[in-house]
Amino acid sequence: MTFEAFKEEVFAQAKAKGFSDYELFYSAEDGFSVRVFKGEISEYKNSSTEGVGFRGTYEGKMGYAYSENMNIHCITPLLENAIGNATIIEDEDMEKLYTGDDKYPEVNNYNPALNDIDAAQKIQWALAMDKYVTDLDPRIKMADYCTVATTESRVAIANSHGLHLSKKMNFATAYVIVRAEENGETKSGTEIWIGRDFKDFDYKAVGQKAVDKAISYLNAEAIPTGEYPIIFNDETARDVFGVFSSIFMAEKGQKGFSMLTKEKLGEVIAASNITIRDDGVTDLNLFSSPFDAEGVATQNKAIIENGVLKQLLYNTKSAEKDGVQSTGNASKVGYGGAIETSCTNFYLVPGKKSYDELVTGLEKGLIITELAGLHSGTNDVSGDFSFSADGFLVEGGKIIKPVEQITIAGNFYEMLKNIDEVGSDLRFVKKIGMPSILTSGLRVAGL
């Protein structure tokens, strides 16, 4: 059945069974990926998934259910499962369906030309990238991971209040991890490309960056324990801000899992050079969307502006609890997930100094290029973190040597206040975008 035909039948039966309102969330994804290892195809995937999630209000409670199929025979069990789930709900905060907005932003996330690239060409790029990186330098022993992939997804939301929205998007990725060896030491370097047009893809440029990283990490040493000024490059800054992005979700504060609540709005929580935005429709990133998982129009909003907390992120349920409007940040993990909150395009507004200028301006400090323990080493409530890290020692504005086996510890809330410089090299990977940052006040454990 088509989504339209399935929706009409589900809605008719849901009404007959006593649901006061109801919604269908449809998602489908087609994916292709090829992985090359040691000059041969080691993995080839051509996948397609499709399913629907139902939620509806039954006797004052919201019930969820989902199905991987859209046919007449799955409707009865779908609705019965939703009724069963509604009867066991103990949450006193009522979840409501959204009636829709008068206007939605225009977002074009689909490039038909991406479909013109056949599997043979993608395989050829993956094979070429694998050969290129292993031929660049004798210290590169192999590419542990070399892949080219494309993804196309479609989403539709319809409910009994008349809401009916749909969107589709596609994108491509290339990903390579290379391994460098010297004097019995092994280091790896990773690079990823994400785009919507293979005209912008240069497998040699992607491979070169991965190789340069791996080689630069060779012959690393530990350094003395102390407090150092630290430059997080765009990758590690994205790691840190990404793992702590949930503290800006209103529902986290409402449940006691974040220090940031509506009472904190208007307070200075960061340095004056810090402005963080969450922009669902920005053209800075490939993953913009006109609406969220509840059908609320996405927005461009400042979370922090010049150091001041301006906005928390809401879905409709958390918004009603705080007596405000949803910010268009509802999310679902696939068609079977419950409504949660997440960022859309979350990023730190870049400054004017380039990454190289941040480095040359550093008298003595560290550049952090690799972090480990991102989830096990964080506490969202307190903001405390402790990460294993690798990077480089800088003296007199020059990179002196690579460093390893160090641990960086600090507090994210305090770090926001101690960011001295913000770089101009903003780069997105999926929903998080960050430039390099220079910060102080972090403790480094080394020798």
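User: What volume does the largest pocket have?
Analyst: About 930 Å³. Keep in mind that this is a predicted model.

User: Which residues are closest to its centre?
Analyst: Ser153, Val155, Lys167, Met169 and Lys431. The lining of this largest pocket has 39 residues in total.

User: Which elements each supply at least two residues of that lining?
Analyst: Four strands do: β1 (21-37), β4 (140-159), β5 (164-182) and β11 (330-331).

User: And where does the largest share come from?
Analyst: From β5, with five residues of the largest pocket's lining.

User: How does that lining split by class?
Analyst: There are 15 nonpolar and 16 polar residues. Another eight are charged.

User: Which residues lie nearest the centre of the second largest pocket, and how many line it?
Analyst: Arg238, Asp239, Gly242, Val429 and Ile432 lie nearest. The lining counts 27 residues.

User: Which elements give two or more residues there?
Analyst: For the second largest pocket, they are β6 (185-195), α5 (234-244) and β18 (427-429).

User: Which one gives the largest share?
Analyst: The helix α5, with five residues of the second largest pocket's lining.

User: How many charged residues are in that lining?
Analyst: The second largest pocket has 11 charged residues in its lining. The rest are eight nonpolar and eight polar.

How values were computed: Residues are numbered from 1 along each chain as its sequence is written. This is a predicted model: local features need pLDDT of at least 70, side-chain atom pairs count only at pLDDT 80 or more; totals for chains, interfaces and linings use all residues. Side-chain values use heavy atoms; hydrogens and water are left out. On a 1 Å grid over the protein atoms alone, a cavity is a set of points where a 1.4 Å probe fits but cannot get out, and a pocket is an open set with protein on both sides within 12 Å along at least five of seven lines; lining residues have an atom within 4 Å of a point. Grid points are joined across faces, edges and corners, and a volume is the space filled by probe spheres set on the points. Ala, Val, Leu, Ile, Met, Phe, Trp, Tyr, Cys and Pro count as nonpolar, Asp, Glu, Lys and Arg as charged, and the others, Gly among them, as polar.
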